[in-house]
Amino acid sequence: MELLYNSYTSPVLPGDPYPLGATFDGLGTNFSLFSQAADAVELCLFDLDGRETRFELPEVDAYCWHGYVEHVEPGQLYGYRVHGPYDPEKGLRCNPSKLLIDPYAKAVEGEVGWGQEPFGYRLGGDDMTRDDSDSAHVMPKGIVVDSAFHWGSDHPPRHRWADTVIYETHVKGLTWNHPEVPAHQRGTYAGLAHPAIIEHLTKLGVTAVELMPVHQFIHDRRLADMGLRNYWGYNSIAYLAPHNGYASRPAHRVVGEFKSMVKTLHRAGIEVILDVVYNHTAEGDHMGPTLSFRGIDNPSYYRLVDGDPRHYNDSTGTGNSLNVRNPQVLQLLMDSLRYWVMEMHVDGFRFDLAASLARQFHEVDRLSAFFDLIHQDPVVSQVKLIAEPWDVGDGGYQVGNFPPLWSEWNGKFRDTVRDYWRQAGTPIGELAERLTGSSDLYQANGRSPFASINFVTAHDGFTLSDLVSYNDKHNEANGEDGRDGTDDNRSWNCGVEGPTDDESVKELRQRQVRNIMATLMLSQGVPMLLGGDEFGRTQHGNNNAYCQDNETSWYDWADIDEDLLAWTRALIRLRRDHPVFRRRRFFQGRPLRASGTAERLPDIAWFRPDGHQMGDADWNVGYAKSLGIFLNGSAIPDPDEHGRRVLDDSFFFVLNAWDQTLDLTLPAEQWAQSWTAVLDTSSPALAGEDPVTLEASSHMAVPGRTIVVLEAGRPVKA
C-alpha cells in the first residue's frame with residue numbers, strides 16, 4: 001500500500017449516503033459526511049507536497065453529503081471544507097477556510113500545528129468574528145484505508161466476568177523503556193504485542209488489558225505551549241481511527257498494526273478492552289479550535305446552553321459535551337463501537353465519564369437513548385461494558401446506578417480500602433460490603449458481583465507505591481502550581497513523605513502494598529490492577545500525570561521490585577485456583593439447606609477476634625480495625641460451564657489494620673478441624689517460609705497491619 005498523489009480530473013459521481021466516511025470498493029472511494037448545517041461540502045484530496053484538489057460533493061440525502069471518486073485508493077489523504085453560516089450566537093460555526101477531519105476517518109496522518117490557523121476566529125479577540133486563514137497545512141488528514149487483514153483462526157478469549165483480571169495500561173508507557181523490545185517498536189502497538197510483554201502479562205496472570213485511549217487524539221495547544229503533551233489521550237477527535245502516535249510504521253499502516261496486536265494478545269488468551277472517550281472531543285469550549293465536529297455541524301454534535309447556543313453545556317470539565325440526544329451523534333457512537341468489535345476484534349469498552357452519556361436533558365438517566373441502543377444492539381451488547389459512573393455535572397456520581405449488562409468502576413471500593421488500611425475510621429459494615437462484591441450497590445436491580453470493577457489505584461491518581469509513600473500530591477511538573485489533581489488522596493506515607501532510607505518505613509510501605517494488593521485480589525468482584533503496581537512503579541508523587549510523556553509516566557523496567565512481582569503473580573494464581581474468591585453470585589450469609597440433608601454451614605460467616613461469630617451488637621460498634629471472614633468452598637451456588645457442581649477449599653480470611661498484634665482465636669471445629677496459612681502479608685513470601693498449620697480453636701498472633709489467609713485442613717460439611 002502506497003500513498004497516492006494523483007491529479008484527479010474525472011468528475012465526482014453521485015455515490016451513496018451510506019456508509020459514512022471514506023469507503024474503498026476496489027475501483028474508487030465513496031465519501032459521505034453528515035451535516036445539517038452545511039450549504040455545501042467540499043472533499044479535499046492532498047498530494048505529497050500538500051497540494052490540494054477540491055471536489056464539491058454533488059448529492060445530499062438526509063443531510064448526508066456524498067460523492068464517489070474513481071481511482072482514489074487506500075493511502076489517499078483527505079479532509080473536508082464545509083460551507084455554511086458562521087453565527088456563534090445561533091450556535092453555527094461553519095468556516096470553509098478550515099480543513100476538517102472526517103469523524104468517520106479510519107486512520108489519520110499528522111498532528112495539529114498550533115498557531116492562528118486552526119481557530120475559526122481571530123486569536124486575541126472574541127469568537128464572533130470569523131478568521132479566514134487557511135488551516136490545511138497545519139491540520140491532520142484522514143487516510144483512505146483498505147480493511148483487508150488475515151485474521152486466521154482468531155477468536156475472542158471470552159473469559160467469564162468472574163474469571164477476569166484486568167490490567168490497566170498505556171500503550172506507550174508500558175513499552176517505551178523495555179530493554180527487550182526493539183527500539184523502533186517501543187511505545188507502539190507492535191511493542192505491546194512483543195513476546196517480552198506477552199510473557200510478562202501471561203506470567204502475571206491477567207486476562208485482559210484495558211488500554212488507555214487509542215482513538216486518534218490531539219495534543220492540545222495549552223500543553224504544547226508549556227512544552228508538555230496530552231500523554232493520557234483523553235482528547236479524542238476521530239472515533240474510528242487508531243491513534244497514529246502509537247504506530248511503528250507509517251500512519252496508513254496503523255490499522256493493520258493494531259489488528260496484529262489484538263490477534264497476538266488473543267492468541268495468548270488476553271482480551272483487549274478500550275478506554276473510550278465519547279463524552280467530549282478535543283475541540284474544547286467556544287474559544288477552542290475548529291478541527292472537525294464544530295465546523296461540520298456544531299449544534300448537532302455538541303450540547304449547547306439552552307437559550308445561549310454560543311456557549312457549551314459542559315458536564316465533563318473539558319469545555320464541551322457530545323450531544324447524545326441527537327440521533328446522528330448516537331449513530332456515530334454506535335458505528336464506532338461496532339467497528340471496533342467487528343473490524344478490529346476488541347473485546348470490550350470502558351466508557352470515560354459515562355454519566356455524561358446518560359444525560360438526556362440535564363439529569364442523569366440510566367435509561368437514556370444511548371443505553372437503550374447498547375442493550376438492543378446484537379454486537380455491542382455481547383462484549384464487556386464498563387462505566388466510569390460519574391462526571392463533573394450535577395448529580396454526576398452514579399456508582400451503582402447503571403443498568404444490567406454493565407459493570408462499573410467501583411469508586412466506593414477504592415475509597416473504603418484506602419481508608420481501612422490507613423486507619424481512617426472505616427465503618428465495619430462498609431468494609432464488609434466492599435469485600436463481598438458490594439451487594440448494597442448492585443443486587444437490588446438483578447446484577448452480580450462482577451458489576452463491581454474493584455480497584456484501588458488507576459491511571460488517575462497515585463500509583464500503589466506512591467499511595468503508601470505520599471500524603472500529598474506533588475504535581476509541580478504539570479505547570480499549574482499544584483492546582484490540578486485531587487486533594488482527596490486517602491493516602492498515608494507511613495511516616496515520611498517520599499523517598500527514605502529508613503528501613504522500618506520501607507518495610508511498612510512494602511507490607512501496606514501487599515495488604516492493599518491482597519484485599520483487591522481476594523475480594524468478590526472483578527479486580528483491576530494498575531499497570532506497574534505489580535513491581536512498584538512510582539510517579540514520584542504526581543497524582544495527575546496526564547501531561548507527563550516522560551520518565552514520570554513511562555514504566556521503568558530497570559527498577560523492578562522482583563519480590564513484589566513474584567508475590568503478585570502468586571496472589572493472582574491463588575485467586576485463579578480458588579473459585580470461592582471469584583463467585584458469580586452474592587453471598588446469602590445463612591445456612592443452606594437441601595432436601596433430605598441436615599443443616600449446612602453458611603456460605604459466609606463473620607468472626608470476632610475471640611473466635612465467635614459476630615452478632616448485631618458487633619456490627620454496630622462503628623469502625624473496623626480487624627475482621628475475620630469464613631468463606632465456604634462447599635457452598636458455591638453456580639455450576640461450572642459443563643453444569644458440574646463447583647467445589648473448593650474453604651478459607652478463613654483475617655484483616656488486621658491495627659498497628660498492634662492481634663490475639664486471634666480460630667473458629668471452632670464445626671468450621672474446620674485445622675487451618676494452614678496460605679498468605680501472610682507480613683512476609684514477602686506468600687505465606688512465609690514455613691506455612692503454619694493450627695488446630696481449630698487455637699490461638700494465633702496476627703501482626704499489626706497484616707492479612708492472613710488460612711485454608712481449611714479438611715472439607716467443611718457438605
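User: Where does H540 sit in this structure?
Analyst: A quick note to start: this is a predicted model, where local features need pLDDT of at least 70, side-chain atom pairs count only at pLDDT 80 or more, and totals for chains, interfaces and linings use all residues. Residues are numbered from 1 along each chain as its sequence is written, and side-chain values use heavy atoms, leaving out hydrogens and water. Helices (H or I, at least four residues) and strands (E, at least two) are DSSP runs numbered from the N terminus. With those terms, H540 is in the loop between β23 (526-530) and α15 (562-577).

User: Is D481 buried or exposed?
Analyst: First, D481 lies in the loop between α13 (464-467) and α14 (503-522). Buried means under 20% relative accessible area, exposed over 50%, and partly exposed in between (1.4 Å probe, protein chains only). D481 has 70% relative accessibility, so D481 counts as exposed.

User: And V72, buried or exposed?
Analyst: Look for V72 in the loop between β6 (64-70) and β7 (77-83). Its relative accessible area is 0%, so V72 is buried.

User: How far apart in space are V72 and A22?
Analyst: In sequence, V72 and A22 are 50 residues apart. In space, C-alpha to C-alpha, the distance between V72 and A22 is 9.9 Å.

User: Which form does the peptide bond from Y18 to P19 take, cis or trans?
Analyst: P19 is in the segment before β1 (21-24). The bond from Y18 to P19 has omega near 5°, and its form is cis.
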